[in-house]
Every structure is written in C-alpha cells, then in structure tokens.
Amino acid sequence: MTMPLLPTSRADAVASAKAFLGAQSRVRPLEIAFWLLAFAALFVGRSHHLLLAEITILALFAVSLDLILGYAGIVSLGHAAFFGLGAYAAGILAQSGHGDPLSGLVVAAGVAAVAGFVSSFLVLRGADLTRLMITLGVASLLYEAANKMDWLTGGADGLQGILIGPLLGRFDFDLYGTTAFAYALGVLFVVMLALRVVVHSPFGHALRAIRDNRLRARAVGIPVERRLVAVYTLSAAIAGLAGALSCQTTAFVSLDVLDFHRSAEVLLVLVIGGSGRLYGAIVGAVVFRFAQDVLSAMTPQYWQFWVGLGLVILVLIGRDRLDDLGRAIVARILPARRSPEGTP
Amino acid sequence: MNRRNALARLATVALLGALPVSAFAADTIKIGLILPMTGPSASTGRQVSAAVALYQAMNGKTVAGKTVEVIVKDDTGAADQTKRLAQELVVNDHVAILAGFGLTPLALAAAPIATQAKVPEIVMAAGTAIITEASPFIVRTSFTLPQVTVPAAEFTAKSGAKKVVTLVTDYAPGIDAEKAFKEKFTAEGGTVAAELRVPLKNPDFAPFLQRVADEKPDAVFVFVPSGFGGLFVKQFVERGLDKSGIKLIATGDVLDDDLIDQMGDVVLGVTSTHHYSAAHPSPENKAFVAAFEKANGGQRPNFMAVGGFDGMALIYAALKKTNGDTDGVKLVDAMKGMAWTSPRGPISIDPETRDIVQNVYVRTVEKVDGHLYNVEKSAFEAVKDPVKAAKAKK
C-alpha cells in the first residue's frame, strides 16, 4: 500500500512502518461525524429512541463477535451464551436488590469474561468445524441449564421482578427509551474507543497474523494460544455488556437471550456489515434492525422473506463490489483525500 | 474508520429521521396486536391475527362511533422485542389497547408498560396462571393450563382410575400441568405412580412410554405442546398401549384442532379436556368456524383463534360500555364481570382476577363427515383458574 517497498536503512524502515501503522489508527473525520450524529440523535427523533437503543445493543453484541471472527478468525455459532450470561447476571443482581445499572454492567461483564476464559480452552481445540459445534454446544448447555434452574432464572417464564435503579442515581429509564439509548450509546462509545486501541496495538496485529496464517504466526514467535484466550475472554466480556444492557433497558430476561436465533442473528449482522472492521458490525446492526422494523411493519408475516432476499442479493453482488461503489462515492465527495483501505 | 461505512450510516440515519410520525386522530381507536408471526410460535400468531381480522370483518370496524384500527407487530417470540414494540405502540402510535401475546414471558415482559401507561393488556394466547397478577391492566381471554388440567384430574378420578402416570413436556407449562393434575388427583383419592418429563426439543417418547407400560397404571395423563401431539399418540398406539387397558387422557393442546385432521385415525377415541373444540355444537361456533375456514383457505380455527376472537369481542363490548372512552382504568373496569356467549360457549371475565371463567369440556376424538374432531361429551361449568382460586381461599 503506502509503505515503500525498499527502505534504505533500518531507521527508515522503522519510521515508515510507524507511519503506515499510524495512518491506520488515525481518527478519521467520518468517524467523528458518525459519533456526533449518533449523539445528536439523542436530542431529536424521540419516537425512535427505543429502536435506536436496541440497535445500539445489537451493534455492541456484533462488535464483540467481530473481535473474534473478524480479527482472530474464530467462527462461533454460540455467542449468545455470553450475551445471555451477561443478561442473567445483571437481571439476577437487580432482582436481589442491587439495581444500580453501572455496577450491574461491571458484574455482568465479569461473569461473561470468566465463562469466556474457561470455554476459550475448548475453542482452541480443533478447526473451524469443531469450533462451530463447540460454541453451539456451550450455548445449548447454558440454555438448558437456565431452563432447568428455574429457582434462579425463572425458567421458561422469564426472570420476574427486576427493578433497575436510575442511571448514575439521577436518570430514570423512561417510556420513550431516551435514557436507555443514551446509556447504550455511551457504553458502545467507550467500548469502541477501547477497541480502537486494542486492534491497532501489537496485540491486534498479532491476532490478524493468527487469523491469516496460524502456522506462520507461531513461527514468527506469536504465542497463538495465549492471544486467542485473551481475545476470546475480551469478546465474551463485551457480549456480556451487551446482554446486561439489554436486560437493564428492558427490565426483563427470558430464555430467548440464550437461544440459537440470537447467535445466528448476530452472525447475520456481521454478514451484512462486513467483518474485521469494527464499524461494519455497527452498520450491519443498523441496516438489519432498521430493515426488520420497516419490513415487519409492512408485512408482519413475511418480512423474513424480504430480509432473506436482500441477503441473497448482497451475496450475489459481493461485498467487494459494494465496497468499490462506496469508495467511488467517497472519492467523488472528497476527491482530495484518499484513505488507506483495510482496517478502520 | 472506513468512509464507505460511515456513508452507509449517514444514509440510514437520514432515513430514520424521515420516517413519518403517525398522526393521532381522535375518532380512531388503535389496538396494538403483538404476536409471534415468525419463528417457532408462528402458528399461534397466525391463528390469533386471522381471528382478530375475522372479528372485524364480521362485526365492522366501528364501535361507539369510532373506527377501530388494529396494528399488527411481529415480536418473533423474543421478550425484549415484545417489550420494545409495546413501548413504541404506546408512545408513538398512541394505542388505546395492547393485545396478543403468544407466550408467557412475552405477556410478562409487556406488563410493566401496561401498568405504567395505564393501557389495558388483553392476553389472547399465553396460558400460565401467574400472568394476570403481573399488572392490574391485564385481562385474559385465552385460558390457564391448570384450568383445563384440574377437570382432567377430576374426570380421571370419576372414571374409576386409581393409579395414574403423568407425562408432560419439561418446561414451565408442562410442570404447571403436572402439579395441578397431581394435586387434584391425589385429593380425589388416587395415586400418581410416576411423573415423567420429556425434553422440549426433539422429543422421543419411546423410553417414556416404556416406563408407562412398566408401571401398568389405569390411566396416563399427557400434556405436550400442540405440535407434538400427533407424534405422541402415534408412538402410544405403535407400542400397543392403547390395547393394554391404559386409558389415555390429555389436555386439548395434544389434539389441537389446527392439526388433528392430519394426525390420522390413531387418535380416534382419545379423551381430552379443553375449553374449545371446533366441533362445539352452537350456532355461534358454526358461524365462526365456517367464516374462519372461508377466510383462511380451509384452515380450521383452534383454541388460539378463539382466544383472539373473544379478545376482540371483549374490546368491542368494553368500548361500547364506555361509549368510546379509551381511558385505561375505565376500560378495564368495563371488562370486569363482562359475560357473553363465545364460539366456545358461555364465558365471563372474573371481576376479581380479570381472568377468564369458562366451561371446560371432556371430549373424545370422533369422525364427523370424514374429518377428525374433538366431540364434546360433558362439561365442567364456569371453571375459574384453580391456582388463583386456591390463593383467594387462603
């Protein structure tokens, strides 16, 4: 790309590599514009805040999956396990009288992280197909456990009596969902800031090396297992955050937080938005939920057909061509500046 | 961040802002109908929404001089979606009434919204006893599982059975049914020899039926969700249990009207207790079934459909009584104690619990004009939800 092919000296090589990496991690104007817009949405369009809150939570969940799928190349069909664990952790905490949202969030992330850490050793084994089955299996186990332990989880009826306190002791969760949206967006913002640092750090680059070629990554001295355990734990923690947000903003948890359709849905979001780019997960969440909302309002019975058709078309066209189109549009709007492609 | 992604977001946000905000018209009364229209419980959603549409087709869209508009939303059976849709319907669409609710957690998730916004929540399908206690604005027109199970226990005891095995699906409603049956049956002097629970997903009844055969009970009581009824009865007959003198007694879910005709002749003669059969001999029901089948390509209405139909009947009657006033408290007050003749027979709303009071029928599967039906043989009249009735006594 922009890196000169033949550096003249060692110092030059280091400098140019630094410049290359620096260019990748630079904050881009569109990124700033996006967050400004997102936060501006807090003050307008109150009628859509509930939907936006749900989109934000789905985006956070998708971001967590992108971290392992897009960056570390771990395919998972059971990411809802951590989402659900986070939701139940936050719910049970609130049910037992500790209704403060922020501390609930921390506990939920912790519980999900522990589960992620433990199950990561299973995920390390085997190839993609094995991982699919292992992740699916872990999620199904948790689902059945939650179903059986009805003294703790409320079983199939869902967790009853969740009382969530006001956010920061001041802002109650309102019927319009404004507090919920602000809360979810705030969490997403902080997580994205942190993940920007993570994916552009040596750790992030090591992950991509592992994704592209495990054997070669090991050969250059990357501790593959340790990196994968770390990223899987981190991803589980973020999924737990998303689950906790979902529980706290709806004040309800039922078995469907652990259901297979949730793991599938979040994969779908990444298919739509593109993986390995963090913001792709957000785009996917916005497009998917928004399409679902509009289509299911028009045809509550057959909206899935249209979503499916859209996916087929997306796959037929191919993401690369869509990317090219986007690039062409951007180039036309901003002819002077060219952004390096690849990672955000 | 990639510019192309940011651009896509910009466009989406612009689209979001451009969505029209539905206007609030004083002469229109809106009802938000939230149902699982897709996913594993889609059949519930389709039966209920078809019945609601049918009610409006048969009775007109105006009541007390106002137009009733039904907004159907699909919650896919996920509780967080139900809650969000209920909230949006209340704050954006200004619905006067929330209705539908295919499963217990979905009805419970919306309960705080009903309480907070003072909007009646009409539960047309979900069947766990506790639902009506979750909010003073919940009124139910479906049924509760104990309501149809306790008569099954009573009937079993009266038919002379002393030793019974129960076989239920291992999830909350199944366990409710098991508990309600055992309590009533042991109170009547019988014994429950074994309580078998079958997994919800991919059930294979063979090992459980073997247990039933080994116990040699006088009767076996069965509750499985409606989709699995045919499979159960088939395996029951294949193992020759029908000829071993073990009487099969089920709740009506097992012999769902929507599916019974495809179950085949193996189900002939099976006894069940339920609140609705498409074969209920009344002019109201004949008109309902004929109109439903005509409007839905020959599909037979089941107990879910009648819950939706009666829910609409209740809403219309309450609006008539309040003269079109949509105040939530007034509407719920109007609904309390309301009694009318439904396609399922005489029903009323218990003014204490806001739950439905209805006849529970003992039926046997028979062939009528070449089709399989649950033909009603006898009835337990005006049955209240036994769980809440027991609480009230304490």
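Author: Two strands are said to pair if DSSP finds at least two bridges between them. The model considered here is predicted. In chain B, six strands form an open sheet with mixed pairing, in the order E2-E3-E1-E4-E5-E6. Its edges are strand E2 (62–63) and strand E6 (138–140) of chain B, each of which pairs on one side only. Strand E5 of chain B, residues 121–123, runs parallel to E6(B), and three bridges join the two. Within this pairing, Glu121(B) stands opposite Ile138(B) of E6(B). In general, the strands of a sheet pair through backbone hydrogen bonds, either parallel or antiparallel.

We may now turn to the domains. Chain B is assigned domain 1 (24–143 + 284–354) and domain 2 (146–274 + 359–393). The C-alpha centres of domain 1 and domain 2 of chain B are 28 Å apart. At their interface, 18 residues of domain 1 of chain B are in contact with 21 residues of domain 2 of chain B. Between the two domains of chain B about 1500 Å² is buried, and carbon and sulfur atoms give 48% of that area. Of the area that domain 1 of chain B buries against domain 2 of chain B, 40% comes from Phe143(B), Arg300(B) and Phe303(B), more than from any other three residues.

Charged and polar groups also take part. Three salt bridges are found across the interface of domain 1 and domain 2 of chain B, and eight residue pairs are in polar contact there. By class, the side of domain 1 of chain B that touches domain 2 of chain B has five nonpolar, seven polar and six charged residues.

Definitions and conventions. Residues are numbered from 1 along each chain as its sequence is written. Chains are lettered from A and ligands numbered from 1 in the order in which they are written. This is a predicted model: local features need pLDDT of at least 70, side-chain atom pairs count only at pLDDT 80 or more; totals for chains, interfaces and linings use all residues. Side-chain values use heavy atoms; hydrogens and water are left out. Domain bounds come from an automatic or database domain assignment. Contact means heavy atoms within 4.5 Å. Buried area is the accessible area (1.4 Å probe) that two parts lose on being put together, summed over both. A salt bridge is a side-chain nitrogen of Lys or Arg within 4 Å of a carboxyl oxygen of Asp or Glu. A polar contact is a pair of N or O atoms within 3.5 Å; within protein, one must be able to donate a hydrogen and the other to accept it, and residues adjacent in sequence count only if both atoms are side-chain atoms. Ala, Val, Leu, Ile, Met, Phe, Trp, Tyr, Cys and Pro count as nonpolar, Asp, Glu, Lys and Arg as charged, and the others, Gly among them, as polar. Helices (H or I, at least four residues) and strands (E, at least two) are DSSP runs, numbered from the N terminus.
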